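Dear colleague,

Here is the structure I said I would pass on. My notes on what I found in it follow below.

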Amino acid sequence: MLNALWLSFFLIAAATGLGRWLVGGDATAFAAMVEALFGMAKLSVEIMVLLFGTLTLWLGFLRIAEVAGLVGALARLLGPLFARLMPEVPRGHPALGLITMNFAANALGLDNAATPIGLKAMRELQTLNPRPDEASNAQILFLVLNTGALTLLPVSIFMYRAQQGAADPTLVFLPILIATAISALVALLTVAVVQRLRLWDPVVLAWLLPMAAALGAFMLLLASLSAAALAALSSLLGNLVLFGVIVLFLGVGALRRVPVYDSFVEGAKEGFEVAKNLLPYLVAMLCAIGVLRASGALDAALDGIRWLVGHTGWDTRFVDALPTGLVKPFSGSAARALLIETMQSQGVDSFAARTAAVIQGSTETTFYVLAVYFGAVGIRRARHAVGCALFADLVGLVTAIGVSYWFFG
């Protein structure tokens, strides 16, 4: 699947470039694509520099947590739930604790922490994979839930809006929360249908129903706060949880007489090894995405959507926000750039800019996650991971547009 997808990016870009040259007389298309090719190769290295430091740091702390027994304890706690969702993963396996920590980091908007934890979880799941080049059911469920990542505190979106002078940077919080919750639920249900998981099992319901109730209560609590209080809580909670996790790891490690420094260095070395193996996969995927964007294929798709929507008589205001949604599955950095461009060109508090912010917070960089997570363990056959993840992305995109009309009219 990834082979065909990667090749299609270049073929579509080539066909679009030829069309611009032969039909439109634009001879600059191929120069733009070549420039994008080398530009994305450079960007891949810049991303890797950041990933080297982040992976080294967090896998060092994770090693302390593993030696101290925290990861194993978390895995035992969640054993009954994951025995139903991931029946091929033994109870108490360290991957289960890492998966839980990854989801928690994503929910709190701690992307820098979530990625290295997720990579570590994928490597642990790979130790159970009987076919190393093909994604297992557990790996697919984990990856698809990552692409439908539930985000409770989209702090980065608030920051972008504040930088652009929004009157109320947190105005998009509840729309994002609703859209991302639905996207995450659809991701779980889609994989459950394909893999025939029994979500009606009493143990699964005993976990999912209280979580849904807690989420609803949390939404009601946040809805009662003022914009200033909500922004302050978002920033405080995110940073407090992040540093609190580090202190917890170190504290428990010290109490159990773990050599914390030596353990950190041991885990950091592993992070370095993981990071250096990611560069070829990042270069491959990001260069293909860059060529596709430079060819004008995405702009052509947007014009086609605008024409189609206009002829159906629907409101076309959301179309100006679609570039963020169309690019987000491919590149998080490109989506962020398009979000900021929409804020600048349309106005930060315009309907299009608010909708783009909700889209940015409710969907994930699916192909980036695929390339990084599967690339880190050498998986080449993604099976149904791409289809399930893209369906969850589509539902998240449609929901984001719908709730934007609901909240912003």
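H16 and H18 pack with their axes 9 Å apart, at an angle of about 140°. Axes here are lines fitted to C-alpha atoms, for helices over the stretch in contact, and angles run from 0 to 180 degrees between N-to-C directions. The pair is therefore oblique (angles under 35 degrees count as roughly parallel, over 145 as roughly antiparallel, 65 to 115 as roughly perpendicular, and the rest as oblique). The crossing of H16 and H18 is right-handed, that is, the near helix is turned clockwise from the far one by less than a right angle. On the H16 side, Phe351, Arg354, Thr355, Val358, Ile359 and Ser362 make the contact; the H18 residues they meet include Leu397, Ala400, Ile401 and Tyr405. Contact means heavy atoms within 4.5 Å. By class, this contact has 9 nonpolar, 4 polar and 1 charged residues (Ala, Val, Leu, Ile, Met, Phe, Trp, Tyr, Cys and Pro count as nonpolar, Asp, Glu, Lys and Arg as charged, and the others, Gly among them, as polar).

The model is predicted: local features need pLDDT of at least 70, side-chain atom pairs count only at pLDDT 80 or more, and totals for chains, interfaces and linings use all residues. Residues are numbered from 1 along each chain as its sequence is written, and side-chain values use heavy atoms, with hydrogens and water left out.

H18 also packs against helix H8 (residues 173-195), where the axes come within 8 Å and cross at roughly 155°. H8 and H18 are therefore roughly antiparallel, and their crossing is right-handed. Among the H8 residues in this contact are Ile178, Ile182, Val186 and Val194, and among those of H18 are Phe391, Val395, Trp406 and Phe407. The contact of H8 with H18 divides into 18 nonpolar, 4 polar and no charged residues.

H18 itself spans residues 385-408 and has 24 residues. From first C-alpha to last it reaches 34 Å, close to the 34 Å expected at 1.5 Å a residue (1.5 Å times one less than the number of residues). Just after H18, glycine 409 takes a positive phi of about 70°.

Elsewhere, threonine 16 lies in helix H1 (residues 2-22). It is 280 residues from glycine 296 in sequence, but 6.8 Å from it in space, C-alpha to C-alpha. Threonine 16 touches Ser295, Gly296 and Ala297, not counting residues up to four places away in sequence.

On confidence, the protein averages a pLDDT (the predictor's confidence in each residue, from 0 to 100) of 79, and 89% of the residues score at least 70. Helices (H or I, at least four residues) are DSSP runs, numbered from the N terminus.

Regards

Terms used: Helices (H or I, at least four residues) and strands (E, at least two) are DSSP runs, numbered from the N terminus.
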